[in-house]
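User: I am new to this one and would like a short tour. Could you take me through it step by step?

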Amino acid sequence: MAAREPSAAHVVLLEKLIGALTAKGILTEAEIAAKKSATEKASPETGARMVARAWTNPEFRARLLADGTAAAEEFGISLAGNPPLGVLEDTPALHHLVVCTLCSCYPRVVLGFPPHWYKSTAYRARAVRDPRGVLAEWGTMIPAGTQIRVVDSTADYRWMVLPVRPEGTEGWSEDQLAALLGAEELVGVALPKVARAQAA
Amino acid sequence: MDTAPQPTHHDLGGNPKYRCTAVEPENPALNDFDKRVDALRVVLREKGLITTDEQRLKIESLPPEEYFGLSYYEKWLKAMAAVLVSRGIVSWEDVS
């Protein structure tokens, strides 16, 4: 499935804007190409590796929860120019769900580009009013006794979730654990499932 | 009495209009236009020619029919053009 194509008028606007900026010596096509290529590499992989390490290393877990920005920098990721990263700790009694009700704020440096559904009007409107109903659309059932806390990411502070490590993963390596985690698990719409890694 | 101001159209949290709208879990790949708009924004931001808040204000200022009718990156593009014009970096004549 491909994203919706832009109108012809907007394609023209983009090229005129880039053409004007290039003609004025403000930027070059090569600079845009370099950033576009970086975009194509963006993924939730760093966030997945951070969670996998937190599951296996209690000292890193403590650092991750205390200061997500500094913990990301341990993975060679610079958050310079980006808002701070906060990490929300799930427990058997508490599940977190992240939304940006105002737009699409998302910790791109560790999770890649915000998924289409994260930017959708329905997700933004409903996550704060009917989180269990939204989670059910992913087939995610949180027990009635578990509290759900919905956290709004903003332009000034971005969030990701540290899920509960699933049972049946004792002795797994960081790589194996990271394979359980994608954008859905790190935003909180899905729980990490052991079957996911076995199927992969 | 509820004296809270009426939310503007971009403030969607809890909006009952979407109460029965399903969230589509698909995540389609970005197309070439999307990636080019995104790259342009990163270049401009790194050069100090646009801030997230300036861009956000312009997106939120789009009339509702555009806010809900355009694709995500079409909105970004319109907002970036508006910021660059308001800063005097380009003119409307340059881009129209």
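User: How many salt bridges are there over all chains?
Analyst: This is a predicted model. The count comes to 19 salt bridges over all chains.

User: How many salt bridges lie across the interface of chain B and chain A?
Analyst: Across that interface the rule finds nine salt bridges. One of the pairs joining the two chains is Arg36(B) with Glu15(A), whose side chains meet at 2.8 Å, N to O.

User: Which elements of chain B give two or more residues to the side that touches chain A?
Analyst: They are α1 (32–46), α2 (52–60), α3 (64–69), α4 (72–86) and α5 (92–95) of chain B. The most comes from α1(B), with 15 residues.

User: And by class, what residues does that side of chain B have?
Analyst: The side of chain B that touches chain A has 29 nonpolar, ten polar and 18 charged residues.

User: How many residues are in contact, then?
Analyst: On chain B there are 57 residues in contact with 52 residues of chain A. Between them the two chains bury about 5000 Å², and 64% of that area is on carbon and sulfur atoms.

User: What is the count of residue pairs in polar contact between chain B and chain A?
Analyst: There are 23 such residue pairs in polar contact, with both residues at pLDDT 80 or more.

User: Changing topic: what is the secondary structure of chain B?
Analyst: Chain B has five helices and zero strands. Along the sequence, the pattern reads α-α-α-α-α.

User: Is chain B compact or spread out?
Analyst: Chain B is more spread out than a compact globule, because its radius of gyration is 16 Å, well over the 12 Å that the globule rule gives for 96 residues. The C-alpha trace of chain B spans about 45 × 35 × 25 Å along its principal axes.

User: Now chain A. Which domains is it divided into?
Analyst: Chain A is divided into domain 1 (8–41) and domain 2 (45–199). The centres of these two domains of chain A, taken over C-alpha atoms, are separated by 32 Å.

User: Which residue forms a salt bridge with Glu40(A)?
Analyst: Lys36(A) does, and the closest N and O atoms of this pair are 3.9 Å apart.

User: Where do those two lie?
Analyst: Both Glu40(A) and Lys36(A) belong to helix α2 (residues 29–41) of chain A. They are four residues apart, about one turn of the helix.

Technical notes: Residues are numbered from 1 along each chain as its sequence is written. Chains are lettered from A and ligands numbered from 1 in the order in which they are written. This is a predicted model: local features need pLDDT of at least 70, side-chain atom pairs count only at pLDDT 80 or more; totals for chains, interfaces and linings use all residues. Side-chain values use heavy atoms; hydrogens and water are left out. Contact means heavy atoms within 4.5 Å. Buried area is the accessible area (1.4 Å probe) that two parts lose on being put together, summed over both. A salt bridge is a side-chain nitrogen of Lys or Arg within 4 Å of a carboxyl oxygen of Asp or Glu. A polar contact is a pair of N or O atoms within 3.5 Å; within protein, one must be able to donate a hydrogen and the other to accept it, and residues adjacent in sequence count only if both atoms are side-chain atoms. Ala, Val, Leu, Ile, Met, Phe, Trp, Tyr, Cys and Pro count as nonpolar, Asp, Glu, Lys and Arg as charged, and the others, Gly among them, as polar. Domain bounds come from an automatic or database domain assignment. The radius of gyration is taken over C-alpha atoms; the globule rule is 2.2 Å times the number of residues to the power 0.38.
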